[in-house]
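Morning, everyone. Let me put the structure up, and then we will walk through it piece by piece.

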Amino acid sequence: MLMKIIKTSAKAALLSSALLTIAVIGIVNPINFYFILIPFVSIIITFIISVLMIVVTIVPFDILKNKSFTNKAIFNTYFPFYAISFFTICSLLIINFNLDEFYIMVFSIAYLTAMPTWIWFFKPSKKIENEK
Amino acid sequence: MLKNISLLISSFLFSLLFFQKQIGLNYLLFAVLATLLLIVFNFNKFKDKNIWFFAASFLVSSLMVFIYHSSLALISSVIAFLILLGALTEIKSSLYVKLINGFYSAIAAGFTHYYNQLTNESIKVKKRDINYLYWLKMIGIPTIVILVFTILYRSANPYFDELLRKIDFSFINLQWILFTLMAYFLLLNIISPLAIQPTTKLDLETGNLLKKDQIKKQSITTIIQENQLGIVLLVLLNLLILFYLVTDIIYLSNIKGVNASGLSKTVHEGIYALIISIVFAIIIILYFFRGSLNFYKKNKPLKTLTVFWIALNTILILVTAYKNQLYVSHYGFTYKRIGVFVYLILTLIGLVSTYIKINAKYNLWYLCRKNLSIGFVILIMSSLINWDLLITHYNTKMAKNIDVKYLINLSDNNTFLLMDYYQKHTLDFEIQRKIDIKHEQYLTKLKGNSWQELIYDNLKNNPKYAYENN
C-alpha cells in the first residue's frame, strides 16, 4: 500500500508541477530564464500535498475493497461522487477568493491532478482483474 | 479519427469565441456548436422526441442570453445544457438524476472513458507499462545538469549571459494554449455523456406508486391511533387557518388608503406565515400518508380533512396574491414582489401535486419528480421574459408611484426605456444625471463589444446603437 501511495503521489506531483509551470509561464510575462527552476521546486511541494491528499481522500475508498468489490467496482461506484464533490469544493473556493487568477490556477490544477490520481490509484492490476 | 478532428476544430472555435471575451453572441454560437456535436456523436439517441425538447430548451435559453444578456437566462441555459447531457445518458431517468448525470458528464466523463479504456482487456494486453523512473531519469537528470552548467557559464561569461537574457518566448501565448486544452477537455467530456450507474439504476427501479409490500409494516393499533391523531390535528389546523383567513379577509375589506410600509408589512408577514404553514402542511400530510394509512379502509375522514386543508391553503395563497397585487398596483414591480408571485405559483403547484399524491397513492419520489420537472419548465419560461424591461415598463406606465432610483439600479436592459421616459417627463436633476450616465455607459459598452460579445441591442436598426467594429 505504501509503495502504491508513493508511486501515485510521484505521478500526481509530476503532473501538477508540469501544469503549474505551464500556467505560471502563461500568466507571468516576460518569461525569465530562472522559470526553469519552477518544476524542480514545485515538485517537492506538490509531492507532499499529493501524499496527504491521497491518504486523506482516496485511501479510505481502498479500504472498502474486497474479493467481490474490485478496483473497477470502487471506481464506478465512488468516483462520480468524488469528482462532483471535488469540483464543487474547488469552484466554491475559487468564488470565495473572488475569482482571483492565482486561485483559479491553483484549484484548476488541483482538480486536474486529483482526477487522474484516482485512475492511477484504482487502475486494475492485470493479475487480479484477469482472474475475475 | 473523425472524433479527434471534430474535437480539435471545435476547441479552436471555442477559444476563438471565448478567449478573453465577455458572454454575448459567442454563447449562442457555442450552444449551436455543442448541440451539433451532440447530434453527430449521439445520433441514435436524438431519435427520441423527448431529447429534442431538452435540446430546444437549451437553444432557446441560449438565444435569450444573446437577446437579454441576463444572469437568469445564463443560469437557465447552463441548467438546460446539463439536463440535456443527462437526458442523453438515460432519457427515462428523473430530472434530478439527469441533472446530476449531466454535471458529472461535463466535468469528468473524459476521465471515466479513459479508465474504462484502461480496464479493457484487449488494450491491456497490447499496452506496455510506462517506465516512469526511466523517463524521469531521461528528462530530469539532463535538465538539472544543463541548468547547473548554464548558471555557471553565465557567471563566467558576460556575453553568454547577455545572450541568454535576450531569449524571448513572449510570442507563445500559453494562456491561449491552456484555454484551448481546457476547451478540448470540456468538449471531450460532453460528446459522450456518461450516467452514474448506481444512482441511475436506483432511480429507474423506483416507481411512482406506493406499494403495500414495500412499506414498513405497522400494527393495526398503531394505524388506528395515527388515524385518530391525524383527524384531531387536521380539524384543529383547519379551524385555525379558517380563523386566520376570516380575519385576513376582514382586514383587506377594511383597507381604505394603501400605506407603503403598512401594506409591505402585511404582505411580507403573510408570505412568511404562508411559507411556514405550507411547509408544515406538506410535512404533516406526508407524515400521515407515508405508508400504511394510505391503505387503511377507514381513512376517508382523514383524507377529506387533508383535502379541505389543502383547499384552505390554496385560498390563503390567493389572498396573499391579492395583497401583493394591491401593493404592485400602487408601488410597481420589484424583483422581491415578482419573487412573491413566483413563490405563490410554486406553492400552488406543490399543493396540487400533494393532493394528487394522496389521491392516487403515489410515493415521495413522485412529488420530487413532478415538482422539479415543473420547476424546470418555469425556469426556462421565466428566462424568456426580459424582467428588467417588464418592471420598468409596468412601473413607468401603470404604477401610481414610481421609484426611479430603483429602476436606474436595474441592469442595462431598461436603459433605452428609461431614456425614453426621461425625455417625456420632467425629473429631478440628480435622477436625470444618473439616467444620462447609465445611457452613456451602456452605449460605450455596446460600441466596445467585439463580434463575439455582440448582443441583441447591438443589432437593433437604430444606427446610434448599431454595432461598430473598433
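Which residues in helix 2 of chain B meet which residues in helix 3 of chain B? Keep that in mind for a moment. One caution before we start: this is a predicted model.

Now the two helices. Helix 2 of chain B covers residues 25–41, and helix 3 of chain B covers residues 49–68. Their axes are 7 Å apart, and the helices pack at an angle of about 165°. An angle over 145 degrees counts as roughly antiparallel. So helix 2 of chain B is roughly antiparallel to helix 3 of chain B. The crossing of these two helices is left-handed.

Back to the opening question. From helix 2 of chain B come Leu25(B), Tyr27(B), Leu28(B), Ala31(B) and Thr35(B). They meet Ala55(B), Phe58(B), Leu59(B), Ser62(B), Leu63(B), Val65(B) and Phe66(B) in helix 3 of chain B. Sort the residues of this contact by class, and you get 10 nonpolar, 2 polar and no charged.

Stay with helix 2 of chain B, because it has another contact to show, this time with helix 9 of chain B, residues 174–191. The axes of helix 2 and helix 9 of chain B come within 9 Å and cross at roughly 45°. That makes helix 2 of chain B oblique to helix 9 of chain B. Here the crossing is right-handed. Helix 2 of chain B brings Ala34(B), Leu37(B), Leu38(B) and Phe41(B). Helix 9 of chain B brings Leu187(B), Ile190(B) and Ile191(B). By class, that contact has 7 nonpolar residues, no polar ones and no charged ones.

Gln20(B) sits in the loop between helix 1, residues 2–18, and helix 2 of chain B. Its phi is positive, about 55°, although Gln20(B) is not a glycine. Most residues other than glycine have a negative phi. Is Gln20(B) buried or exposed? Gln20(B) counts as exposed, with 10 C-beta neighbours inside 10 Å.

Next, chain A. Chain A has 5 helices and 0 strands. Read along the sequence, the pattern is α-α-α-α-α. Chain A has 132 residues, and 23% of them count as buried. Now take the contacts in chain A between residues at least 6 apart in sequence. Of those, 71% join residues at least 24 apart.

Chain A has a loop residue with a positive phi too. Leu99(A) has phi near 55°, and Leu99(A) is not a glycine. You will find Leu99(A) in the loop between helix 3 and helix 4 of chain A, where helix 4 covers 101–121. Leu99(A) is exposed, with 9 other C-beta atoms within 10 Å.

How do the two chains touch? Here is one pair of helices. The crossing is right-handed. On the chain A side, the contact includes Lys72(A), Phe75(A), Phe79(A) and Pro80(A). On the chain B side, it includes Phe103(B), Tyr104(B), Ile107(B) and Ala108(B).

Which residues of helix 18 of chain B are buried? In this helix, residues 415–424, they are Thr415(B), Leu418(B) and Tyr421(B). They cover an arc of only 125° around the axis, so they lie on the same side of helix 18 of chain B. On the other side, Gln423(B) and Lys424(B) are exposed. And what covers the buried residues? The cover includes helix 16 (387–397), helix 17 (404–408) and helix 19 (429–448) of chain B.

Helix 19 of chain B also holds Leu443(B). Leu443(B) is partly exposed, with 17 other C-beta atoms within 10 Å. Leu443(B) and Phe416(B) are 27 residues apart in sequence, and 9.9 Å apart in space, C-alpha to C-alpha.

That is the tour. Questions are welcome.

Definitions and conventions: Residues are numbered from 1 along each chain as its sequence is written. Chains are lettered from A and ligands numbered from 1 in the order in which they are written. This is a predicted model: local features need pLDDT of at least 70, side-chain atom pairs count only at pLDDT 80 or more; totals for chains, interfaces and linings use all residues. A residue is buried if 20 or more other C-beta atoms lie within 10 Å of its own, exposed if 12 or fewer, and partly exposed in between; C-beta atoms are placed from the backbone. Helices (H or I, at least four residues) and strands (E, at least two) are DSSP runs, numbered from the N terminus. The arc is that of the directions from the helix axis to the C-beta atoms. Two residues are in contact if their C-beta atoms, placed from the backbone, lie within 7 Å. Axes are lines fitted to C-alpha atoms, for helices over the stretch in contact, and angles run from 0 to 180 degrees between N-to-C directions. Angles under 35 degrees count as roughly parallel, over 145 as roughly antiparallel, 65 to 115 as roughly perpendicular and the rest as oblique. A crossing is left-handed if the near helix is turned anticlockwise from the far one by less than a right angle, and right-handed if clockwise. Ala, Val, Leu, Ile, Met, Phe, Trp, Tyr, Cys and Pro count as nonpolar, Asp, Glu, Lys and Arg as charged, and the others, Gly among them, as polar.
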